[in-house]
Amino acid sequence: MAAASELPTLLGITVRRTLVVGRVSVIVGCIMVTFYSAAFGLEGPLFTSIGTLVLPIFAVSGGIGGALVFANDRTKGVLEYLVAYGLSARRILFNVLIAGLVQATIVLGVGTVAGVSSYLLSGYALTPQLPEALLTYTFPMSYLTVCMMTTVGVFWTSLSSPRAGMNSPVGVLPLIGVAPTSAALVLALSLRTYTSQVLLGTELAIAVIVLLLITRTSQLMPTERLLSTA
Amino acid sequence: MTPEVLRSATNGPRALLTCRGVSSGYQNKPVLHEISFVVDEPAVYVVLGPNGAGKTTLFRTIAGILRPTAGEVLLDGVPIDRQSSRDQLHYLSHLDGMPDGLTVRESLDFYARVERASPADVERVLDQLEIGEFSDTFISRLSSGQRKRVSIARVFLRERGIYLLDEPTANLDPKVAREIRTLILELSKERVVLYSSHNLFEAREIGRYVIALKSGALALFDKMENVRAAHLVIGVRTLEPTDALAGWERRGDYYLRELQSPDQVPGLIRDLESKGARLREVREMENPLEDLFT
């Protein structure tokens with residue numbers, strides 16, 4: 001008899017499938033972020049002050065793949081199969097969450113490399129503010145946004161009847177993903193003071209939302225919600 | 001008929017699969033009501049019922065996907081929610097369950113990982129189900145019949161004690177459907193197979209037992225051979241027109257006669273032949289399983 005711990009996590013193959021299914025959004029995201037970062041990098045300090053604040057928006061386009069795979073798997077009965085073999089709803093959520101983060105990392109990595117390269121090639125000296133902005137805001141905000149978007153997308157999808165297109169939860173997800181970054185950006189730019197506190201506060205708020213959602217997985221996403229109604 | 005043939009869920013022999021007073025369904029929507037039966041010998045158990053009768057819900061409950069709101073499902077006496085019980089059954093849903101973004105071979109590798117089967121098993125089922133020719137094709141490019149074959153292939157990746165097959169031959173062409181039925185019949189010599197189908201002729205061909213559901217309740221659990229039609233209607237075709245069939249009701253090429261029992265069929269044939277009728281075919285026109293849908 002096999003014990004529950006012997007069940008495969010399927011993380012690796014989920015990441016791979018997400019890269020295949022979500023490849024278009026990753027490619028589009030990479031192209032857009034390259035142009036954006038390169039343009040801002042040419043402006044030197046502007047990349048540090050504004051460019052790094054906007055980068056998380058592009059990570060969203062990469063991170064959508066996880067929720068997309070979840071929605072497809074639910075509609076096609078793959079989740080039903082996995083649940084029958086003992087995979088938990090939380091494990092399924094983690095898999096698509098990490099898959100989304102991997103994709104977001106690709107877009108984010110391309111954007112960062114393009115921006116920093118352009119910045120340095122334009123003759124600007126690397127100041128401590130740039131890595132600080134990337135490490136304290138751009139990367140954490142991007143990952144938190146993708147986590148929130150994917151978690152909301154997964155729960156929303158599981159609560160909805162399967163449907164495709166812009167009317168589906170996955171279709172609306174990019175707007176949800178962009179919202180926190182846009183709000184933080186508007187708030188920081190309009191207040192012009194306590195900018196770092198505003199940004200940190202936004203990150204903290206998103207982190208709390210994500211943690212709350214994840215800890216409530218079994219209540220928000222009972223097994224039967226993973227079944228296709230088709 | 002049910003009470004006589006329904007073996008006791010409490011006093012019967014050691015069972016492979018026991019459903020004891022199982023009620024189940026979805027949020028705010030009960031579907032199954034106090035289903036009890038015991039499956040204790042390897043065979044094909046055909047699960048029948050009209051749309052909405054609860055067949056898929058029964059499969060999902062036995063598979064441990066849906067938790068019973070009352071009663072329990074046991075495999076060899078162990079509750080189904082234990083991983084050791086889940087490891088004893090295969091579940092094939094009525095959906096293909098084919099993951100996007102993978103080729104046929106990669107999909108089977110994916111399933112093999114879940115099943116803890118080996119790459120050699122993947123090669124074996126590719127060959128066994130004759131799907132090797134499109135093993136490198138993406139699932140999204142397959143026809144629905146091909147997808148179904150790949151979906152069924154995963155059931156044969158690894159042997160288990162109980163197979164829950166929800167409409168396994170839907171969307172398959174007759175030749176492939178027959179091959180699948182042959183595989184399943186072979187499997188059922190040593191394994192329990194619960195098999196749902198809307199094809200009543202297929203159900204009669206493959207099933208040794210019938211589990212009939214009606215409005216979420218168990219309407220019948222019996223051996224197939226004990227299922228009798230309320231009316232036995234025999235159809236006769238002859239090689240040429242004959243007066244021997246004068247007065248018989250006609251339906252297409254067939255002349256119909258209602259009998260009380262199958263025991264009357266040999267006498268009927270002898271009688272027709274003695275009157276000079278050259279018989280081409282004698283068949284049962286009504287499928288007794290149809291009565292389960294009314």
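Helices (H or I, at least four residues) and strands (E, at least two) are DSSP runs, numbered from the N terminus.

Which residues of α3(A) and α7(A) meet? On the α3(A) side they include L53(A), I57(A), I64(A) and A71(A), and on the α7(A) side V170(A), L173(A), T181(A) and L185(A). By class, this contact has 15 nonpolar, 4 polar and no charged residues. Ala, Val, Leu, Ile, Met, Phe, Trp, Tyr, Cys and Pro count as nonpolar, Asp, Glu, Lys and Arg as charged, and the others, Gly among them, as polar.

## A word on the model

This is a predicted model, in which local features need pLDDT of at least 70 and side-chain atom pairs count only at pLDDT 80 or more, while totals for chains, interfaces and linings use all residues. Residues are numbered from 1 along each chain as its sequence is written, and chains are lettered from A and ligands numbered from 1 in the order in which they are written.

## Where chain A touches chain B

Between the chains, 28 residues of chain A are in contact with 24 residues of chain B (C-beta atoms, placed from the backbone, within 7 Å). On chain A, α1 (11-21), α3 (45-75) and α4 (78-84) each supply at least two residues of that side, and α4(A) gives the most, with 6 residues. The chain A side divides into 18 nonpolar, 5 polar and 5 charged residues.

## A look at chain B

Chain B has 9 helices and 14 strands, and 41% of its 294 residues count as buried (20 or more other C-beta atoms within 10 Å of the residue's own; 12 or fewer is exposed, and in between is partly exposed; C-beta atoms are placed from the backbone). Helix α9 (residues 265-274) of chain B has 1 of its 10 residues buried, so this helix lies largely in the open. Just after α9(B), G276(B) takes a positive phi of about 95°.

Strand β11 (residues 232-238) of chain B runs antiparallel to strand β13 (residues 254-259), joined by 5 bridges. Another antiparallel pairing over 5 bridges links β11(B) to strand β14 (residues 279-284). Strands pair if DSSP finds at least two bridges between them. G235(B) has bridge partners L256(B) in β13(B) and R283(B) in β14(B).

Terms used: Two residues are in contact if their C-beta atoms, placed from the backbone, lie within 7 Å.
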